[in-house]
Every structure is written in C-alpha cells, then in structure tokens.
Amino acid sequence: MSRRTNAWLTGSLARAHPLTASARSITFAVPGWPGNDPGHHVDVRLTAPDGYQVVRSYSIASTGTGEEIELAIDRLPDGEVSPFLVDDLELGDTVELRGPLGGWFVWRPEQTQPVQLIAGGSGVVPFIAMTRAHASAGNSIPMQLLYSLRAPCDAFFRDELSQPSATAPTTWHYTRTVPPGWSRSAGRLTVKDLKSETLPPEQVPLTYICGPTGFVETVSRALISLGHAADNIRTERFGGI
Amino acid sequence: MNHLDGNVLAGPGMGLFAFDPTTTQCQCQSCADIATLGQAMVYGQPMGFVARCRYCDNVLVVIVEHAGQKSLNMRGLRWLRVGDEARNDRISAGD
Ligand SMILES: Cc1cc2nc3c(=O)[nH]c(=O)nc-3n(C[C@H](O)[C@H](O)[C@H](O)COP(=O)(O)OP(=O)(O)OC[C@H]3O[C@@H](n4cnc5c(N)ncnc54)[C@H](O)[C@@H]3O)c2cc1C
Ligand SMILES: [Zn+2]
C-alpha cells in the first residue's frame, strides 16, 4: 500500500545526456520507487529557497521494477520548469517526485488488442517505455508507432527506435523539414496520412496519442472520423496549444 | 484548448482515495455520459485542477492543492464506480 501514500520521494540526478539541441534525458535514482508500467507519469516538484513550489508532470521513458527512472524533457524557451531540468540540473542534484501515476494511459504486455502509438514531438516519451516493454517481453501483439516531428534533428531516441531488435516499427513523419531524399513533403498529419499510416478500425486497435494538446486534439478527431471508437483511443495531452 | 487529460489528476488525487481515481468509471451529473475519469478534460494549474465532462463541459471534479492541504469537490459526478479497473494502478510485478 506504500503507493497510495501522499509521500513525495527524493530523486537525485544519476545520469543525463542530450537528446536533441533542446531536449535532455535525465535519469533519477529514487530510493523507495516501487517501479512503473509503460505509460505511467510522475509529478516533479521543485522548491525555491523562499519556499515557492512548482509541480509539473512528466512521462516516464523507463519501465520495470528498478529504483531508477528516466525522463526526457524538452525545453520550452519561456518555460518555468523545463529550462531548469534541461540546462541547469546537475548530477547529484535532487528533486521531489510522486508516482507512478495515471493507470489509464498505461500499456500492459498482457493486453491483447493490437496497439497503435501516435506521438507528436516530446509525446514520444511514454511510447519509448511501451516499445521497450514490448521488446523485452518478446510480445507478439502487433504494436507500431507513428512519430510526427518538426525536423529530423528533433527526434528523441532515434537509434533505439530504429534498432533491428525493436519489435514495434516506427513510421517517421516530418512537419517542417524532411531528410534528404525523403519521398514525401513536409506537412502536418492529415486524415489521409493517418488512414495510410495507422492500423485501420477493422483491426480494432487500441490507439494511444500523446503530445501537445493541439496535436492530440487534431489526431483524435481524425481517427474518430476514420471510424475508430472513442473508447479505443487513449490520449495524453502535454499542454500548450 | 490548452486542456490536459483526466489522467493528470492521478498525482493530485493521491492520498484522497484508496485507489487511482483516474482509472475508475464515473457518470456526469449533467448529461449522463459514462466515462473513465482519465478521459475527462482537465484545466490545470496554478490554482488547482478542474475536470470537465468530455461531452457537455459540466464541471465534474475540482482538486486544489495548496500549502500542504488538498480540497476536493465532486459535485458534477452522479457516481464513481470502483471496479477491477482500479487495479490498473498496480504495476504488473504486483505488490
Ligand atoms: C501527463 C503529462 C506528461 C508530460 N510528459 C512530458 C514529457 O515527457 N516531456 C516533456 O518535455 N514534457 C512533458 N509534459 C509537459 C510538462 O508537464 C510541462 O508542461 C512542460 O515541461 C512545460 O513546463 P514549463 O514549466 O517549462 O513551462 P510553463 O512555464 O508551464 O509554460 C510556458 C509556456 O509554454 C506553454 N506550454 C506549457 N506546456 C506546453 C507544452 N507541453 N508544449 C507547448 N507549450 C506548452 C504554456 O502555455 C506557456 O505559454 C507532460 C505533461 C503532462 C500533463
Ligand atoms: Zn456531461
């Protein structure tokens, strides 16, 4: 029952590495962390010397029972918390954490429905945990990712998502800049793209959509127009427009 | 726009319930829609969280966390059903 307490745990930054020019992977050692399922998030609380506190939610890229959790944070230039986590937090620094949180957006290997993941930008983070869990469980349920990003240099975890051992294939979609030789032009995901690049309603997939609020909104509406049932779509809006 | 999903209430809801409220089903007092609380639309921060019905915008739940206290208002819910789904908040390794 320890998970149902009100307790904030202390996490100290154990490892960090840049993911893109604006994003960083940060791994915290969290004594007492009970483990988490893929899709869970954590609340991070920072306290200023004068006692002022801010809380933000972050998806967890790691999965399993260890006492370490990996987050992947994108810096919003005028943000209050994200620039600090990306640029200023140093190894050994501590933050307060509560979680794991949010069973609704979780994927569990014992689920039997085919899985379509659709990410916009940093919205790929919970799907990293899901594809990792899918690969390590040797799961045979179809799982695939459609990853929409501005430009090739904005990709989080590209090598990992492209590895031969990845059991969930990734379809890359670029909204502003495409790689050299790319067969399609840059542009936002359209209903037509979603129709050709995601599992069709006939397969009754469970579709998870994650990213900025506007992205999630547009994609979930498009999927419903394609014939997916609202209750087979799970969304995680990150905020923003 | 700019709203989040009911899922984000899991943190603020911790300690208020003996289960993860975001995986439970509930019914909107106003339009009778039945949904998982994780499907609600949440307008968040800095004052607190307001969860609204995905269909009719009715205010379902308000959670305010401030100065070490939490307050909870569930005026917009007809009921909240705690079933096996509430086990969803457990990790597979079990506890
Ligand atoms: C469940 C959940 C999981 C999340 N997981 C991640 C994650 O894995 N990685 C990650 O980088 N972020 C994630 N976020 C977003 C994160 O919680 C913060 O909103 C984000 O880091 C911005 O915080 P900030 O304090 O820097 O900006 P703020 O000071 O809160 O906001 C600065 C400005 O940016 C706008 N804004 C706020 N959030 C966003 C956004 N997400 N996108 C665009 N504009 C925004 C605001 O409206 C404001 O104008 C998640 C959010 C939720 C609800
Ligand atoms: Zn309603």
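1. A definition to start: helices (H or I, at least four residues) and strands (E, at least two) are DSSP runs, numbered from the N terminus. On that basis chain B reads β-α-β-β-β-β-β-β-β from its N terminus, that is, one helix and eight strands. Chain A has five helices and eleven strands.

2. Some housekeeping before the details. This is a predicted model, where local features need pLDDT of at least 70 and side-chain atom pairs count only at pLDDT 80 or more, while totals for chains, interfaces and linings use all residues. Residues are numbered from 1 along each chain as its sequence is written, chains are lettered from A and ligands numbered from 1 in the order in which they are written, and side-chain values use heavy atoms, with hydrogens and water left out.

3. Overall dimensions of chain A. The radius of gyration is taken over C-alpha atoms, and the globule rule is 2.2 Å times the number of residues to the power 0.38. For 241 residues that rule puts a compact globule near 18 Å, and chain A agrees, with 18 Å. Its C-alpha trace spans about 50 × 40 × 35 Å along the principal axes.

4. Burial and contacts, chain by chain. Buried means under 20% relative accessible area, exposed over 50%, and partly exposed in between (1.4 Å probe, protein chains only). Contact means heavy atoms within 4.5 Å. In chain A, 70% of the contacts with a separation of 6 or more come from residues 24 or more positions apart. In chain B, among contacts between residues at least 6 apart in sequence, 46% join residues at least 24 apart.

5. Accessible areas come from the Shrake-Rupley method with a 1.4 Å probe; for residues, only the protein chains shown count as cover. Chain A exposes about 10400 Å², with carbon and sulfur atoms supplying 53% of it. For chain B the accessible surface is about 4600 Å², and 49% of that belongs to carbon and sulfur atoms. For charges, Lys and Arg count as positive and Asp and Glu as negative, without His or the chain ends, and each charge is placed at NZ of Lys, CZ of Arg, CG of Asp or CD of Glu. Chain A has 20 positive and 24 negative charges, and their mean positions are 6 Å apart.

6. Helix H2 of chain A deserves a look. Nine of the twelve residues are buried, so the helix is mostly covered; among them are Phe127(A), Ile128(A), Met130(A) and His134(A). Which elements do the buried residues of H2(A) pack against? They pack against strands E4 (53–59), E5 (68–74), E7 (115–120), E8 (143–149) and E10 (206–211), along with helix H3 (158–162), of chain A. After H2(A) comes Gly138(A), with a positive phi near 60 degrees.

7. Backbone spots I'd click on. Most residues other than glycine have a negative phi, and most peptide bonds are trans. The bond from Gly99(A) to Pro100(A) is cis, with omega near 0 degrees; Pro100(A) belongs to strand E6 (residues 94–101) of chain A. Phe157(A) has a positive phi near 55 degrees and sits in the loop between E8 and H3 of chain A, where it is buried at 10% relative accessible area. In chain B, Ala32(B) has a positive phi of about 70 degrees. Ala32(B) is in the loop between strand E2 (25–28) and strand E3 (34–36) of chain B and is partly exposed at 44% relative accessibility.

8. Two residues of chain A, for their surroundings. Ala14(A), in strand E1 (residues 9–18), is partly exposed at 31% relative accessible area. Ala14(A) and Phe28(A) are 14 residues apart in sequence, with C-alpha atoms 5.2 Å apart. Beyond neighbours within four places in sequence, the contacts of Ala14(A) include Phe28(A), Glu68(A) and Leu91(A). Is Glu197(A) buried or exposed? Glu197(A) is buried, with 13% relative accessible area, and lies in helix H4 (residues 191–197). Not counting residues up to four places away in sequence, Glu197(A) touches several residues, including Gln116(A), Gln144(A), His173(A) and Arg184(A).
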